[in-house]
Amino acid sequence: MGRFSLFNKKRFFRAALIVLALLIVILPSSSSGSSLTRITSGVLMVVAGLFFYLGASEILSGLSLSRRLVLCFFSIVLLWGLTGFVGVLDSPEILPENSHRAERVRELGRKIDNIAEVGSGQVQSFVDSTFTGQTGQFLETIGGVTGAAAGVLIDAVLTSTSVDTSVGMDTLRGARDGEERPVTMIPLFRLAILAVSLILLAAVRGFVYIDRTPFTVWLYRITVGIAFVTSLLHVIGLNFVLTSTDEIFRGIELDLPSLLLLFSAVGLGFCQRWVQYLSRKMRIFLLLATFVCVLMGKGIYYYLAGNVFQGTGGLDVSVILIVAIYIFFAFVTMLLQLPTARILEKRYKELGTLQDLSQTLHSSFEPEQLGAAAVRLGARLTDSDYCWFHLNDGTDDYSFGKGREIKRVLENLEQKWYTGVERRIDSTGHGFMINNYRRSSLRKLENGDRGFTRIASMVAAPVEVRGERLGVIIAASVKQFFFVEYTRGLFDSFTRQIAQAIQSAQLFGEKLQRQTLERELELARSIQKDLLPGCLPQPPGWELAAVSIPSRVMGGDYYDVVELPDGRLAVAIADVSGKGAAAAMLMAALQASLGTLLKEDLSVDITTSRLNTALCDRMPDATFITFFLAFIDLETGEIEYCSAGHDPPMLCNYGENSTVDTLDCGGLILGIMAETEYQMGKAHIVPGGRLLLYTDGITETMSPSEEPFGVDRLGSIIIRHCGECGESIIGTIGNLVELFRDYGDQEDDVTALVVSRDSREDPAKTGDSSDH
């Protein structure tokens, strides 16, 4: 808030000074003879101009570039109109003739003639030195001529911008004699010219400050400072003049402040960075506008330089000099950059296309969207009439073109044409370019029966993903020699990015499919786990324990324990051939069929036979199931069983001389032959006995030396641990199998089921015998 108040105070103070200075200068002198001198009036006028410029700079600082350009143009038009109107109404009373200036200009003309005469002699000496070999003398004479001409040119410019100081000197002399010369009233049109000139100078500040580096800022400030100091020196009559004793420059005087102003204005003219922010069309328009401004500025400058008003010290002339030089350099800058403007605009367009391509690559993973974006961005990148993406898999091409012509183009191009394109790509190893297509061999491959296409130039590049060529992207124009080598290289890079995008899309799609499959498999695994008994029944005097570890997400091993209606216990184990989801689905079919059959109170062999018949109709070829089913009488320990090609379970009767019996009676594996008979086997599990059902994932486990775990090793484990509980036996088998394969990868599903009979006598039977 304090800063804002301070700014307002400064602005008010400057405005007050401007108004006060203008009142002092404009008001006519007093008749009593106590008026201000011309020096005082001129100083106040320069100070007023300074504050007016500062205020205008603050006001114009917020203008945009376009508005600033419009302001400059109309300001120059206004100045041109003012100076032209006043030139018609010019009168000696208001603008006295400067005879001293005219004499100096004529003197300069004579000097230029002398320089021209000397120059012609030096040219003659050049011819002589060419044959005599006096190269050093020739270079010296050329340097002399160049320096002399430059000196005359600078003096001519400075003389036209300098002011006649005779009046200022007379004023000083009059002041020394005690005489006060009254102030001559400044014409209003001259004040208007000065005000518009200062507004132009403030507007130029905005162009220079676009390149806001310390050098450009201080160069502008120094240039403006020199302009005001030069005017102030001219007002008070102080002149710093450089003269030369050289015969060529004799009589020529160089005003040092004006010389510094010229050099500074020329340096400021190189600060044209704002031109880079213009489009090509805007540069063409401004080139014409600046040319008009240069012509009008020339007339404005000549008028003001020839009719200097002593009351301002030539401030308006100095300001117009700065503005005119800056406009001239702006014209030259735009003129030099115009041939490259189209190239730069095309590069900006290419950069924008590549940015759009990057956004498309990061936002789309659908091949269809990438194909459509490829032809659209390819047409933008090459500025071509047509662009299409031909796919080698026979699917529809992606195309982009103007009107319906692209459809006619694609209809005329058959497979033999694309084969010719592929051959050219194979021969060069990259894309290719044809700028005279109508004389090329590819045109002969078009379908001439439908008429030839309008293609005159084309560029093509392959799209290859993982070493496989998906197709080619082709851009074409109806103009001959439309493409350049740079375009071909850029188009090659473009198609490589498209190929990378398609590859990323494919990888992303594969990843999504893999993630979807993993989720589905995880769900299937959960369902399969639910198909297995979660909590095994534990009848009195019996213990059951089981484990099933699939080698993949899903497995093909199966076990189940079902309490039958007659009080017996059915235990089953199976191994489906194969692994993964297919085996799990067969296992689910087996579980469903078995559950249905167990409700029918059939013998174990009939149940197995009917199960085989049911599965033969559902199982695919080369697929089978090994299966074992046993009915256990919980009262007597009698076992009725049937094995359908399964690894024989081991029955261990615990005692001092523990032995292992295998239960191998049965028949063929399930799913091979529908009409197959199975035999029922019988066994007996004594108190303390253990029945182990297992799959071949245990016995076929391989060691690092390719040795199988084997049935014998498993049997010895059962004998040693027969007195332990079922959970302990399963844990021991699992640890020993893991240790045997040296913690390597599990190649097959591992399943085991242990049925243990308590070694103590049945409490119910003990009670009955005691009663007897």
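Predicted model: local features only at pLDDT ≥ 70, side-chain atom pairs only at ≥ 80, totals over all residues.
Five strands form an open sheet in the order 8-18-17-13-14, and their pairing is antiparallel. Its edges are strand 8 and strand 14 (659–662), each of which pairs on one side only. On average, neighbouring strands of this sheet are turned by 15° against each other, direction ignored.

Strands of a sheet pair through backbone hydrogen bonds, in either a parallel or an antiparallel manner. Strand 8 (residues 542–549) is joined to strand 18 by 8 bridges in the antiparallel sense. Strand 17 (residues 690–694) also pairs with strand 18 in the antiparallel sense, here over 5 bridges.

Strand 18 spans residues 750–757 and is mostly covered, with 8 of its 8 residues buried. Both faces of the strand are covered. One side carries Val750, Ala752, Val754 and Ser756, while Thr751, Leu753, Val755 and Arg757 lie on the other; all of these residues are buried.

Helix 21 (residues 726–740) lies across strand 8, strand 17 and strand 18, and runs at about 25° to strand 8. Helix 20 (residues 711–720) lies across strand 13 (650–653), strand 14 and strand 17, running at about 30° to strand 13.

## Packing of helix 12 against helix 16

Helix 12 (residues 367–382) and helix 16 (residues 485–531) have axes that come within 11 Å of each other and cross at roughly 165°. Because this angle is over 145 degrees, helix 12 is roughly antiparallel to helix 16. The crossing of the two helices is right-handed.

On the helix 12 side, the contact involves Leu370, Ala374, Leu377, Gly378, Leu381 and Thr382. These residues meet Thr487, Leu490, Phe491, Phe494, Ile498, Ala501, Ile502 and Ala505 of helix 16. By class, the contact of helix 12 with helix 16 contains 11 nonpolar and 3 polar residues, with no charged residues.

## The hairpin of strands 3 and 4

Strand 3 (residues 386–391) and strand 4 (residues 398–401) pair in the antiparallel sense over 4 bridges. Within this pairing, Trp388 stands opposite Ser399 of strand 4. The two strands form a hairpin with 6 residues between them. In the turn, Gly394 has a positive phi of about 90°.

## Arg466 in the loop between strands 6 and 7

Arg466 is located in the loop that lies between strand 6 (457–465) and strand 7 (468–477). Its relative accessibility is 48%, so Arg466 counts as partly exposed, a class that ends at the 50% threshold above which a residue is exposed.

Arg466 and Gln503 are 37 residues apart along the chain, and their C-alpha atoms are separated by 7.6 Å. When residues up to four places away in sequence are not counted, Arg466 touches Gln503, Gln506, Leu507 and Glu510.

Terms used
Residues numbered from 1 in each chain as written. Heavy atoms only, no water. Axes fitted to C-alpha atoms, helices over the stretch in contact; angles between N-to-C directions. Parallel < 35°, antiparallel > 145°, perpendicular 65-115°, else oblique. Left-handed = near helix turned anticlockwise from the far one by under 90°. Contact = heavy atoms within 4.5 Å. Nonpolar A, V, L, I, M, F, W, Y, C, P; charged D, E, K, R; others polar. Buried < 20%, exposed > 50% of the residue type's maximum accessible area, 1.4 Å probe, protein only. Pairing = 2+ DSSP bridges.
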